[in-house]
Amino acid sequence: MSDVTLTHPWAKSLFGALTKLGVFDEDIPLEPGPWRLIACKSSQEKTAVIGLRRFGGEVYLPAEWKKVGRRGRELVPAFPGYLFARIGLLSREIKKISGVRGTVVFGTNCPIVPDAIIEKIREVVARGDFTLG
């Protein structure tokens, strides 16, 4: 089972409402069309992005550049441990990708993330309105 425990309050509130929308059994392929929430292994979001993109899917890691000491800048994920992906793989196949823990599910339901939510996140991050802790 690829259940991933949601650890961030935003994920429970945002995606809790999505459980009634287009839920899928784990053994049904995830179509490239809908966005899914993917949980990453600790501090391996960038590795997961590279691995997921090898399968031809679209991957979105909301992040912003933060100044880090004298070294310059570092890309910091907006939602540590999570990213969004459109990829035509089964949930059990996604777990095998380097840096990925699995598709976020609620029980056996894998909610679709509407395009409007992804676009809103992109807008907020692009404007710099997203403050990371």
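The model is predicted. A search of the whole structure finds four salt bridges, and a network of such bridges links Glu-58, Arg-86, Asp-115, Glu-119 and Arg-122.

**Helix α4**

- Helix α4 covers residues 115–127, a run of 13 residues. From the first C-alpha to the last it reaches 18 Å, close to the 18 Å expected at 1.5 Å a residue.
- The buried residues of α4 include Ile-118, Ile-121, Val-124 and Val-125. Seen down the axis of α4, its buried residues fall within an arc of 130°, so they line one face of the helix.
- The face of α4 turned away from this buried side carries the exposed residues Ala-116 and Ala-126.
- The partners against which the buried residues of α4 pack are β2 (58–60), β3 (63–68) and β5 (82–86).
- Just after α4, Gly-128 takes a positive phi of about 80°.

- Strand β5 is mostly covered, with five of its five residues buried.
- Tyr-82, Phe-84 and Arg-86 point one way from β5, whereas Leu-83 and Ala-85 point the other way.
- Strand β1 (residues 36–40) pairs with β5 in the antiparallel sense over four bridges. In this pairing, Arg-36 stands opposite Ala-85 of β5.
- Strand β2 also pairs with β5 in the antiparallel sense, over three bridges. Here Val-59 stands opposite Ala-85 of β5.

**Salt bridges**

- Arg-86 and Glu-58 meet through their side chains in a salt bridge, at 3.8 Å from N to O. Arg-86 lies in strand β5 and Glu-58 in strand β2, so the pair ties together parts that are 28 residues apart in sequence.
- Glu-58 also meets Arg-122 in a salt bridge between side chains, at 3.5 Å from N to O. This pair links distant parts of the chain, since Arg-122 is in helix α4 and Glu-58 in strand β2, 64 residues apart.
- A salt bridge joins the side chains of Glu-119 and Arg-122, at 3.7 Å from N to O. Both residues lie in helix α4, three residues apart, about one turn of the helix. An α-helix has 3.6 residues a turn, so residues three or four places apart point the same way.

**Exposure of the charged residues**

- Glu-58 counts as partly exposed, because its relative accessibility is 37%.
- Arg-122 is partly exposed at 28% relative accessibility.
- Glu-119 is partly exposed, with a relative accessible area of 41%.
- Arg-86, by contrast, is buried.

Technical notes
Residues numbered from 1 in each chain as written. Predicted model: local features only at pLDDT ≥ 70, side-chain atom pairs only at ≥ 80, totals over all residues. Heavy atoms only, no water. Helix = DSSP H or I, 4+ residues; strand = E, 2+ residues; numbered from the N terminus. Expected span 1.5 Å × (residues − 1). Buried < 20%, exposed > 50% of the residue type's maximum accessible area, 1.4 Å probe, protein only. Arc of directions from axis to C-beta. Contact = heavy atoms within 4.5 Å. Pairing = 2+ DSSP bridges.
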